[in-house]
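Thanks for coming, everyone. Please take a look at the sequence and the model on the screen.

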Amino acid sequence: MGRTLPSITQAFIQEQAAFSRFRRALRRGDQLALDDLFASARQHLSAAAYAAHALPMETFLLSMLLEQHKEILRLRQQMAELIGSLDA
Amino acid sequence: MDALTFPLSNRLMMLTAPHAASTLMLELSARLSAVGEVRVLDGGNRFNVYPVARAVRRHTSDLTASLGRIRLSRAFTCYQVAALLAETPADGLPTLAIDLLAAFYDDNVRLSESQRLLASCIFHLKRLSQLAPVVVSAKLPALLCVEKGVLVKALQAAAGGYWQLEALHAPKIPTLWKEET
């Protein structure tokens, strides 16, 4: 008996491959940014597997958003620290 | 092909194609599940729910309900295919049998045994097709078991409609230079 559903990693690779033409049409800088987005989604593959969503791309997009939001929070904190140090 | 993309008439339809037309059959299951219950019998482990979910989303926003209307059964041997079909009640649900003959091409099963089991399957497919449309997809046998091509012919003879899809070859790219012969 074989596997009846592709693993989340296979699904991720398939989704990434589906955007290969889109990636090819982007500028080099944008290609690197897109690669970063997919790399950030890859960090949450185990959570995506646990979620077992029927549309895994939605989970991948949310993972990308999650990493983006973490980055924003980190930058906000750094900015608050910088402003604090300037005020002091 | 319209009869295949949304089958409405109660008859047994068959199509042969590379990879048993699994993409088309998955799309068809999504299309049918958007309007009602559908029974899917997977004989070659080809039912990948991710493309089905994407296709369902194109037809309806109620993904969970639509996926819940797909009754999926998988068979991994030809004996299981025959048993599944024999146990399936003729309750008027459309039935899709994806890659029905995959297990029948097993070289450990004798041709006579495959034929006997397929005859039973055809009987039950016809029984189901009296009340609802039944679409069966199959791929042609590999060169190693080419003698099992008779199974395709038997199924084809029993079907009320038959389609054969062929893979399109990549077009030859014209070159500016004369090709060497």
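I will go through the two chains in turn and then the contact between them.

First, the ground rules. This is a predicted model, where local features need pLDDT of at least 70 and side-chain atom pairs count only at pLDDT 80 or more, while totals for chains, interfaces and linings use all residues. Residues are numbered from 1 along each chain as its sequence is written, with chains lettered from A and ligands numbered from 1 in the order in which they are written.

Start with chain A. It has five helices and zero strands. Helices here are DSSP runs of H or I with at least four residues, strands are runs of E with at least two, and both are numbered from the N terminus. The order from the N terminus is α-α-α-α-α.

What box do the C-alpha atoms of chain A fill? Roughly 65 × 35 × 15 Å, along the principal axes. The radius of gyration of chain A is 17 Å, whereas a compact globule of 88 residues would be near 12 Å. That radius is taken over C-alpha atoms, and the globule rule is 2.2 Å times the number of residues to the power 0.38.

Of the 88 residues in chain A, 12% are buried. Buried means that 20 or more other C-beta atoms, placed from the backbone, lie within 10 Å of the residue's own.

Now chain B. Here we have an open sheet of six strands, paired in parallel, in the order S3-S2-S4-S5-S1-S6. Strands S3 (70-74) and S6 (161-164) of chain B each have a single partner strand, so one side of each lacks a neighbour in the sheet. To pair, two strands need at least two DSSP bridges between them. Strand S1 (residues 12-16) of chain B has four bridges to S6(B), and the two run parallel. In one of them, B:Thr16 partners B:Gln164.

Next, helix H2 (residues 22-33) of chain B. It lies across strands S2 (38-42), S3, S4 (95-98) and S5 (134-138) of chain B, at about 160° to S4(B). Axes are lines fitted to C-alpha atoms, for helices over the stretch in contact, and angles run from 0 to 180 degrees between N-to-C directions.

Finally, the contact between the chains. Eleven residues come from chain B and nine from chain A. Two residues are in contact if their C-beta atoms, placed from the backbone, lie within 7 Å. On the chain B side, helices H3 (49-59) and H4 (63-68) are the elements giving two or more residues. H3(B) gives the largest share, five residues.
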